[in-house]
Amino acid sequence: MTEQAGDPRADELITSHMPLVGHIVRETMGRVPSHVSRDDLTSAGLTALVQAAQAYDAERGVPFERYAATRVRGAILDELRSVDWASRSVRRRARDLEETRTRLAGALGRTPTVAEVATSSGLSIEEVTANDEDVSRAQVLSLQGSTTASLDELVPTRAPSPEQLLEHQERLTYLMEAITELPERLRTVVQDYFFSERPMADIAADLGVTDSRISQMRAEALVLLRDALNSALDPGLVKPSSKPNGCASRRREAYFAAVAARHADASRRTSVSPALDAAG
């Protein structure tokens with residue numbers, strides 16, 4: 001039976017699960033730029049908790065904590081989507097730094113180091129790294145921003161269409177395949193930094209490089225991941241290489257091909273399996 005507003009059982013669900021909101025907010029704050037308001041996220045999360053308690057139907061067999069967590073996470077992500085994840089100054093500096101990197105890459109014939117970018121832009125290495133940190137976290141949050149929960153667990157008024165769910169699942173599949181196909185050291189940086197949440201200094205020590213080199217590798221990996229997804233799903237968004245016949249361009253094209261091949265192979269296995277089941 002669905003809980004109603006004012007129902008003592010709904011009130012109990014709300015009060016007993018308020019720590020869940022705090023946990024999700026703390027988890028989220030560790031992944032977004034520092035200027036994001038904790039109070040705004042908490043308010044969105046608590047509102048979702050109240051709505052979850054009022055709409056919860058125990059007869060559907062979904063534990064309330066799981067149901068509420070899905071609603072709270074969705075509301076917090078909606079709140080983040082309603083504001084710019086990186087401040088205007090961060091975005092403006094990021095654009096300037098990207099232009100500097102592009103110019104240096106054309107002049108040097110390779111990806112410039114963080115130190116070279118800093119020198120050319122008149123910033124310190126720490127300022128360049130801090131800017132990259134904010135923008136990178138915003139990009140990853142964007143990739144993680146949509147829910148993969150089943151339709152039964154979503155708020156009816158917020159639920160994406162079946163087409164949107166399929167499109168999002170396709171993007172997530174390509175993303176994981178693109179991560180798998182990254183060069184080994186770049187893959188290690190992505191997995192350790194974004195998924196294992198290891199400090200940059202620890203990753204640098206493991207790979208025998210400097211912190212600034214890890215920052216550079218992280219930025220390089222994010223560009224490759226973005227371009228790999230666009231190459232497969234939105235080819236028109238892929239920026240052409242400044243040196244189409246260069247070694248870097250050939251490596252990039254080979255990487256795109258490897259991601260596409262992995263996806264095609266996985267799709268074949270998926271389509272063959274039901275056929276074998278039916279035959280059996």
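Does proline 199 count as buried, exposed or partly exposed, and at what relative accessibility? In this predicted model, proline 199 has a relative accessibility of 46%, so the residue counts as partly exposed. The cut-offs explain the label, because buried means under 20% and exposed means over 50%. Proline 199 sits in the loop between helix 9 (184-195) and helix 10 (200-207). Its C-alpha atom lies 9.7 Å from that of aspartate 211. Along the chain, proline 199 and aspartate 211 are 12 residues apart.

The axes of helix 9 and helix 10 come within 10 Å. They cross at roughly 150°. Angles over 145 degrees count as roughly antiparallel. Helix 9 and helix 10 are therefore roughly antiparallel to each other. Their crossing is right-handed. On the helix 9 side, the contact involves Arg185, Thr188, Val189, Asp192 and Tyr193. Met200, Ile203 and Leu207 meet them from helix 10. By class, five residues of this contact are nonpolar, one is polar and two are charged.

Helix 2 spans residues 18-29, and helix 3 spans residues 38-55. Their axes come within 9 Å and cross at roughly 140°. Helix 2 passes helix 3 in a right-handed crossing. Helix 2 contributes Met18, Val21, Val25, Arg26, Thr28 and Met29 to the contact. Helix 3 contributes Arg38, Leu41, Thr42, Gly45, Leu46 and Leu49. Seven of the residues in this contact are nonpolar, three are polar and two are charged.

The whole chain was then considered. The protein contains 12 helices and zero strands. Read from the N terminus, the order of elements is α-α-α-α-α-α-α-α-α-α-α-α. Of the 280 residues in the protein, 36% are buried. The protein exposes about 15,700 Å². Carbon and sulfur atoms supply 53% of that area. Contacts were also sorted by separation along the sequence. Among those between residues at least 6 apart, 65% join residues at least 24 apart.

How values were computed. Residues numbered from 1 in each chain as written. Predicted model: local features only at pLDDT ≥ 70, side-chain atom pairs only at ≥ 80, totals over all residues. Heavy atoms only, no water. Axes fitted to C-alpha atoms, helices over the stretch in contact; angles between N-to-C directions. Helix = DSSP H or I, 4+ residues; strand = E, 2+ residues; numbered from the N terminus. Left-handed = near helix turned anticlockwise from the far one by under 90°. Contact = heavy atoms within 4.5 Å. Nonpolar A, V, L, I, M, F, W, Y, C, P; charged D, E, K, R; others polar. Buried < 20%, exposed > 50% of the residue type's maximum accessible area, 1.4 Å probe, protein only. Parallel < 35°, antiparallel > 145°, perpendicular 65-115°, else oblique. Areas by Shrake-Rupley, 256 points an atom, 1.4 Å probe, with all protein chains shown as cover.
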